[in-house]
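Trainee: Please take a close look at the charged side-chain pairs, and describe the parts of the chain that they join.

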Amino acid sequence: MKANNIIIGLAVLAYTSCKTPQATIVPDRIKQTLPQKYEGTVDSIKHSAVLTPWRQFFTDSKLVSLIDTALVNNQDLIMTLQQIEMAKSDVLSSQGRLLPSVSLGGSIGVDKVGRYTSEGAGNASTDIKPGKAMPDPLMNYTGGLQADWEVDLWNKLKDGKKAAVENYLATVEGKNAVLSTLIATVAEKYDNLLCLDNQLKVIQQYIELQKKALELSKIQKQANAGTELGVKKFEAELAKARSTEFALKQQIVETENGLNLLLGRYPTLIDRSSSTFMESVPQIITSGFPSELIFNRPDVRQAEHQLAATKWNVEAARKEFLPSLHISGTLGLDAFNPTYLTHLPQSLAFSLMGGITGPLINKKAIQANFNNANAQQIEALYQYDKTLLSAYIEVCTLMEKNKNLNEYYKLKQTEKKTLDESVDIANKLYLSGGADYLDVLMDQRDALDATMDLLDAKQQQLINIVYLYKSLGGGWQ
């Protein structure tokens, strides 16, 4: 009769526990259809150029040296590496839960029961040896192995391990994303420095030109060939140029310090090659297929692993509704006197117990945990979609910007050449009396602006190529 009751109880438990909720079905986003080519491109190239390692992509040896320093000292990258170690520990922890927990220990205790109890009366009437009464109080010395094991009936623990592995892989891809961003940012600030150096050089040359123009205007005034107004105009232009010089110097300091921060070091002079800045030729990058983003971009792969991790977390949370099987046991020595511990098999003690448990009435906590895991899965799905869409749009934008910058740069070259010729003509006319000081001043100012714009256009070209390389998945290999 008792056996029948146990069987009925287990049946009820199994029935009520096995009614598990269903998770939201998540489509396989990894096989999501992307456009066949990038918007604005004529044809997709068979293979993109982003597989080129960054050491081959960047040809400036001084920039490569700076990147090497950043890869060793950058604090953000170092913190990301620690996140990988934490994720690795979670994998080991989840793997350990699949195995029995075995511990070795010992204990010493004392037990004093009342004389007028069944146990006390039994001890009083029992001799431990003929003619030797049971000790009172009774000491207890134990030592041995203890084991506990949750049998993974429904692969709940294995699902937890799979989630931990996916989280670990996500942190690895997160490190690659940080690495790619770090390298691109170092290159960007380095190109900013080269541009600022050249702009400073141009403004210093312009200052010397204005000094000469000011002296010439003073001579012409003394010779009654000019006026005081012309002298004041050149003085004002000289003061303006000098103020621009100091503003550029401050920008150089700020950019250098920003780069040193990325390199994880205190302010230090940045070794750089500024003289060849205008001769720098941007790399040619082919876009490849949009589907390559899934394999090349670490942020997309990170979102993919995070989505997979939430899927396994949902499975593990769903299986919390199912019964669990625990097996526990002990094996060791037990005696009221330590000298008797070696008396085998009399001192040998063991126990073995197995039990099935499952939620029966109050399931709110388990349901809440499941709902939370399911919501996280849906959130991860949207995050993956957003990451993939953002990656595609970023590439399209940078590809189009690259074409427009190339045309912009060509026109700025034409503008600078034309204005330089205009300055020569204005100077000759001014000396011969065919033009006044305002014509010379305006032509010189326009030529200066064109030169500055041309340097800025070169900088934008170089930086855009770096970020296009990064957006296609390059920069971390």
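Mentor: The model is a predicted one, in which local features need pLDDT of at least 70 and side-chain atom pairs count only at pLDDT 80 or more, while totals for chains, interfaces and linings use all residues. Residues are numbered from 1 along each chain as its sequence is written, and side-chain values use heavy atoms, with hydrogens and water left out.

Lys156 pairs with Glu320 in a salt bridge, at 3.6 Å from N to O. The pair ties together parts 164 residues apart in sequence, because Lys156 is in helix α6 and Glu320 in the loop between α9 and β5. A salt bridge here is a side-chain nitrogen of Lys or Arg within 4 Å of a carboxyl oxygen of Asp or Glu. Helices (H or I, at least four residues) and strands (E, at least two) are DSSP runs numbered from the N terminus. With a relative accessible area of 33%, Glu320 is partly exposed. Glu150 joins Lys156 and Glu320 in a network of salt bridges. In total, the structure holds 22 salt bridges.

The loop between β4 (138-151) and α6 contains Asn155. Asn155 is not a glycine, yet has a positive phi of about 60°. Most residues other than glycine have a negative phi, and most peptide bonds are trans. Asn155 counts as partly exposed, at 35% relative accessibility.

A second pair is formed by Glu173 and Arg301, whose closest N and O atoms are 2.7 Å apart. Here Glu173 belongs to helix α6 and Arg301 to helix α9, so parts 128 residues apart in sequence are tied together. Glu173 counts as buried at 10% relative accessibility, and Arg301 counts as buried at 12%.

Helix α9 (residues 298-318) also holds Thr310, which counts as buried at 10% relative accessibility. Apart from neighbours within four places in sequence, Thr310 is in contact (heavy atoms within 4.5 Å) with Gln376, Gln377 and Ala380.

Arg297 counts as buried at 6% relative accessibility, whereas Glu394 is partly exposed at 24%.

Helix α10 (residues 364-431) has 68 residues and should span 100 Å at 1.5 Å a residue; its end C-alpha atoms are 93 Å apart, which agrees. The expected span is 1.5 Å times one less than the number of residues. Just after α10, Gly433 has a positive phi of about 85°.

The peptide bond that joins Leu344 and Pro345 is cis, with omega about 5°.

Conventions:
Buried means under 20% relative accessible area, exposed over 50%, partly exposed in between (1.4 Å probe, protein chains only).
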